[in-house]
Each structure stands twice: as structure tokens, then as C-alpha cells.
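Please look over the sequence and the model below. A short report on selected features comes after them.

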Amino acid sequence: MRRSICFCEPSLALAGQEGTWKFIYTTSQTLEKGACLKFDLLSKGREIDWELPTHDPKSKSNLIYSVINEKTIVYAKPVEVPHQYAPQYAFTLPEKIKAGSTFTIILGPSPKLTAKQQKTAKGSTSQNLTQRRRHFLIYVDPKGTGDFQDPEIFTMDVRGNELHYIRIITPSFVTRNKRFDIVIRFEDIFGNLTNNAPEDTLVELSYEQLRENLNWKLFIPETGFVTLPNFYFNEVGTYRIQLKNLKTNHIYYSSPIKSFVGEEKTLLWGMLHGESERMDSLDNVENCLRHMRDEQALNFFASSSFDAIEETPDEGWKAISQNIAEFNESDRFTTYLGFQWVGEPQKEGMRQFLYLKDQKSILRYKDSKSNSLKKVYKGASPKDFLSIPSFTMGKGCEFDFNDFNPEFERLVEIYNAWGSSECCAKEKNKFPIKWGGKGGMKESPKGSVIAALKRNCRFGFVAGGLDDRGVYTDFFESGQEQYTPGLTAILSDEQSRESVFQALYNRSCYATSGARILLGFNISGYRMGSEISTGEKPGLAINRHIHGFVAGTNPIEKIEIVRNGDVIHTLTPNEKNYDFTYDDLVDLREIILKSKEAPPFVFYYIRVIQSDGHVAWSSPIWIDYIEKEKGAKKSGKK
């Protein structure tokens, strides 16, 4: 039995390449006059997807049309498809096509242009992400009766474009004289792996305090990446790996690496809330996880779809659960099952629920068993369940912290790509939540993180990424102010699911606006996230000795020491690496904040601002003031 033939010319595309693309269909059956063929680009209409063509015959560029038997031109009519952003393109045949004849769909300049004009006219732009065997569909109705057969498939490989950037993936904390590996990714302008560079391209590797016997020159491998093992630093300090393209003289640097004598913590980067612009986190969860692990080089990731069944149907949750369990791997990639739950505004707000264990049920707000936080907390244990208030200053989904639960709400999302909930815009918030018009969202002062801290709500800081689901769905179209996706840094004893979860519970973490800024901060040896008291350390009533370090990806413009929500000291290093100390000698009794059911207290945290505008926020440290009385019991915890 004769089969239809589908092929593309050219057979491969480069990411983001503009050109003329032909989809040639050789039919296995006779198609009568009036028969209909529908072409589906399988595009979601995003900037990264294949450019949607115009169907207007008057258009000179990026036009979709077809050619029958290499002579008759037929223009397309768009056909809207339910629940699909991009239309299909229908062609009605003006004449019969015999079996074995060709029907060619073309994306490119208008056929009415001369050959010379077509060379300068704009074609159609391919998608920005690489994909092996990218599919395009054609549906055939042989008689024009509306009876379309199962689709035939065109396939095309999309490969990386010209070399644009070299990315160096390294650990952030290392131990002196202990070996580690680095990964070098050769990327095009869109972040795809590529080996598309001149054959004689060489890359020279070096770093600060370089040993004389290490001066490597690397070729670009066919895979587009290479792993280099057995690096080590024989001195403490902050390093950056440097790569120089000897063909172009461009120089690329890694994020900072801090070498310690014997650091007992490992610094891990990841995202607890957010998704990828490139890979859908529900329909294509496996590729999303692979993208976060391999291309974004994250150490941990949590699923974060919304609880509504329209957003996350039961089958979708099942697929998420299975993939989260399969991708979890100690010392490589730590995954968590999580979802976003939206409760009553102000009283409950929006939050990310995070499970320690696999195969847990999604808790839906519309279900009677989980339609309030009290019911949710009653059936959970803080040992394996965290509730992270997010976007707390977004009006309509804000959380006022009046019913703050210190056992489950150990963290708060201080920042995501739609703004920071640290404080109001009038309080000099660098990333205010700015309303973009219809469908956007204004800020609500009731959800201020600083205001909650002043009321003795104790939580560490995490950052979220980009999100266009749930309450964020209309933000793109509304013009809501958008910032860079954030990152969360976790200081953990080891990279395992249990250890990382425990570090989150201990508030041993900090947030950034996306840059991998290294930040350390302690008061009298107690690290960020700690609670201490003058009962344990009486000297804290007189002096709080603050010590820390910052290693930026760009020069550090400011290091601000924040006490009780106010900046009490500012450092302006204008350097990438900086160690700092500060003694707060104000009598503790003069600055303590009163608390109804707890001792008076103060809190401190560090805010770092880079020259490129990126910011990092350390989790706070709390000091309780205990009146010194004879026979009084010491209290506080670390």
C-alpha cells in the first residue's frame, strides 16, 4: 500500500534563523477539487516559539501559502482551535491532485516578489530553542466533506545557532585542596548548546592565583559542553574561572567560588516556586526538570502548579509526582513535590506548599477537607510539610501575617519576577509590585515582610522565579512590571532531600534577584536564621558583633545592615569581593521591639546591591532580650 511522504526543505534549522521553509507533502491518494488540508505549526505563540506567519496575500514577508504541482498557488485561511493559542492554516484545493503528486506549504517571502526581491524580503523565523525531530502536522480531508484523517507528520531538527556565550558552571563553596568538577557550556544567543563556531576556535582557561602548570586550551566539542574534572584551590579565598575565546578575545567568567579551610556547609542554588519560559512545567514536566537541572544548572527544584483542578487536573498531578520522584538524585539534583494554594485574601493569602516525601495528594482549596489553613495544618506535620507565603503584597492574594504559624511558615518569599514584598514602593523598594492596568495587580502594604518581622513573625527568605499561571496569568498582557527570575540559596550539610529540607526549616537560606551572589552573615558566630538571647549571651546587650562576606557577580555597590527594618550601616565596597565587620554598640534596651507573648527582641539582616541592580537578602537573625534576674532561666535557641 502506497504511503504519503512528508519532508522538509531545508531538513534542519538553526535556532532563531530567518529563512524560507518548505513542507513537501506527496499524497498517497487522489485529492478531489474542494479537498481541504490543514497545517499546524504546533506553536504556543510565545516569543521563543516558531514565528506565526501572516495569511494575507498582500503581505510581502513571513507569508504562509501553498503550491500545487509546483505551479498553482493557494493561500491559507486561519482556523481557530479551541484551547490552542495559534491557529491551524487551511488550504482548499482549486483542482484535483492525483496520487503521487506534491503539495508544498511554504513559509517565507511572498511568491509575487521577484527572485531578487525575495532575497532581501523577510522570511519566517524559526523557534529559539533547539529540538530534535521538531513536529509539524498536516490534516487531510480528501473529499472536502469535513472528514479529516489522522495527521501526517513533518519533522525538522532545530540546532544551536552561532557561538555567542561560554557559561562556566561551578560549585559555590569548596574546601581547600579538595577536588571538584566544572562544566563548560558553549551557547548561542538564546542559551542553546552549540558547536557552531569556526573550526580553529580555541578557548584558554585560567583563574585568579593561577598555578603555573595549569594553562589549558580547549576545543569546542561536538556536544557543545565539556566536563573538566579534578580542579582544586590550594589557598583559601574567592576565585572565578576565566575563559578567553582566542578567536574573538572575548573573556567569560564563572560565578564566584569561595574556598574555605574546612567549610561544613554546601551552598546549593535552586527554585522552589517558578517555571521555565522554555519548557511547560505541566504538559512537559520531564523536559522542564531536565532543563532546570542541565541547562539552568540548578541544584534543587520544586513543582509549583496551582491547586485548582482547571490548572492541575488529577492526571497532571500524577505526572508531576512521578517525574519529581524519578529526578530526585542525591549529590546531583534535589526535587520536591509542591504546589500553590490560594486561600482567603489577607487572612490566608497565596502560598507554596512543599512536601518532603513523594506521592502526596494535592490539596485543593475548593475541597472541603482543605479549604482553610487550619484544616491543612491539622492534617500535616512540620517535619515533612512547609507552607511558604508568596507574593504577600499582591493585592487580592495578600497575606497580613496576623494568623502567622511559626511551625509551618518557616519561610517567606521576599521576591519573585513580579516584584518584591519586602516593603512598599514609597519605602524605596527596588522591585515594587507595579500595576500594569487591566488584569494586573497593585501592591498591598498589609503584606509587607518588614512589617511582619516587626511584629515578631520569624521566617527565612527565599525567592521565586517567573510564573504565568493562576493569579499571574494575565500579567504579561496587562503590562505588569516584570523583573528577573529570582534564585534561592540554601546552606545545607549535604545535598540530599532530607538535609536540604531541614536547612529550609532552620531558615539556613537566602534570596537573590537571580544573580549567584555569595553571602555569609553571622552575629557572634550565630548564622542567618538563628534565634539567640541575652540569657545565653549577656554581652549581646552591649555589643552585637556582625561579621560577613559578599562575593558578587559584578562589583558590589552597597552592603546594607538592616536592624528592625531600618538601615543602620552602609558599606560601599565597589569591589566584587568584600569581608565586613560591624559592631552595633547601641544599648539593646533602647532598640528592642515589644512582643505580646514573647520577650522583647531585635532582628538583623543583610541587603546586598550590585552595580548591575541585582540584590541579595540574607535571612534574619533574632536576638531576644532577657532581663537579667537572679535565678532566671536562660532561654533562646540557635
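## Basis

This is a predicted model, in which local features need pLDDT of at least 70 and side-chain atom pairs count only at pLDDT 80 or more, while totals for chains, interfaces and linings use all residues. Residues are numbered from 1 along each chain as its sequence is written, and side-chain values use heavy atoms, with hydrogens and water left out.

Helices (H or I, at least four residues) and strands (E, at least two) are DSSP runs, numbered from the N terminus. Buried means under 20% relative accessible area, exposed means over 50%, and partly exposed lies in between (1.4 Å probe, protein chains only).

## The six-stranded sheet

Six strands make an open sheet, in the order β2-β13-β12-β5-β9-β8. Its pairing is mixed. Two strands pair if DSSP finds at least two bridges between them. At the edges are β2 (12–14) and β8, each pairing on one side only. From one strand to the next, the twist averages 30°. Axes here are lines fitted to C-alpha atoms, for helices over the stretch in contact, and angles run from 0 to 180 degrees between N-to-C directions.

β8 and β9 are antiparallel and share three bridges. Val79 faces Gln88 of β9 across this pairing. Strands of a sheet pair through backbone hydrogen bonds, either parallel or antiparallel.

## Pro87, between β8 and β9

Pro87 sits in the loop between β8 (77–79) and β9 (88–92). Pro87 is buried, with a relative accessible area of 11%. Beyond its neighbours within four places in sequence, Pro87 is in contact (heavy atoms within 4.5 Å) with Pro78, Val79 and Glu80. From Pro87 to Gly45 the C-alpha to C-alpha distance is 9.7 Å, and the two are 42 residues apart in sequence.

Asp141 belongs to strand β12 (residues 131–141). Asp141 is buried but has no salt bridge. A salt bridge is a side-chain nitrogen of Lys or Arg within 4 Å of a carboxyl oxygen of Asp or Glu. The nearest side chain of opposite charge is Lys38, 8.6 Å away. For charge, Lys and Arg count as positive and Asp and Glu as negative; His and the chain ends are not counted.

## Charged pairs

The structure has 27 salt bridges. One of them joins Arg364 and Asp314, at 2.9 Å from N to O. Arg364 lies in the loop between β29 (350–355) and α4 (373–378) and Asp314 in helix α3 (residues 314–327), so the pair ties together parts that are 50 residues apart in sequence. Arg364 is buried, with a relative accessible area of 7%.

Glu531 and Arg507 form another salt bridge, with their closest N and O atoms 2.6 Å apart. Glu531 is in strand β38 (residues 531–533), and Arg507 is in the loop between α7 (497–505) and β35 (509–512), 24 residues apart. Both Glu531 and Arg507 are buried. Arg589 and Asp587 also meet in a salt bridge, at 3.0 Å from N to O. Arg589 is exposed at 53% relative accessible area, while Asp587 is partly exposed at 25%. Elsewhere, salt bridges that share partners join Arg293, Asp294, Glu329 and Arg332 into one network.

A second open sheet has four strands, in the order β26-β28-β29-β30, with mixed pairing. β26 (305–306) and β30 (385–389) are at the edges with a single partner strand each, so one side of each has no neighbour in the sheet. Strand β28 (residues 338–342) runs antiparallel to β29, joined by five bridges. Gln340 stands opposite Gln352 in β29.

α7 packs on this sheet, touching β29 and β30, and its direction makes about 45° with that of β30. In α7, the buried residues include Arg497, Ser499, Val500, Phe501, Ala503 and Leu504. Just after α7, Arg507 has a positive phi of about 65°.

## Helix α2

In helix α2 (residues 285–295), Val285, Cys288, Leu289, His291, Met292 and Arg293 are buried. The buried residues of α2 pack against β25 (300–302), α3 and β27 (334–336). Just after α2, Ala297 takes a positive phi of about 55°.
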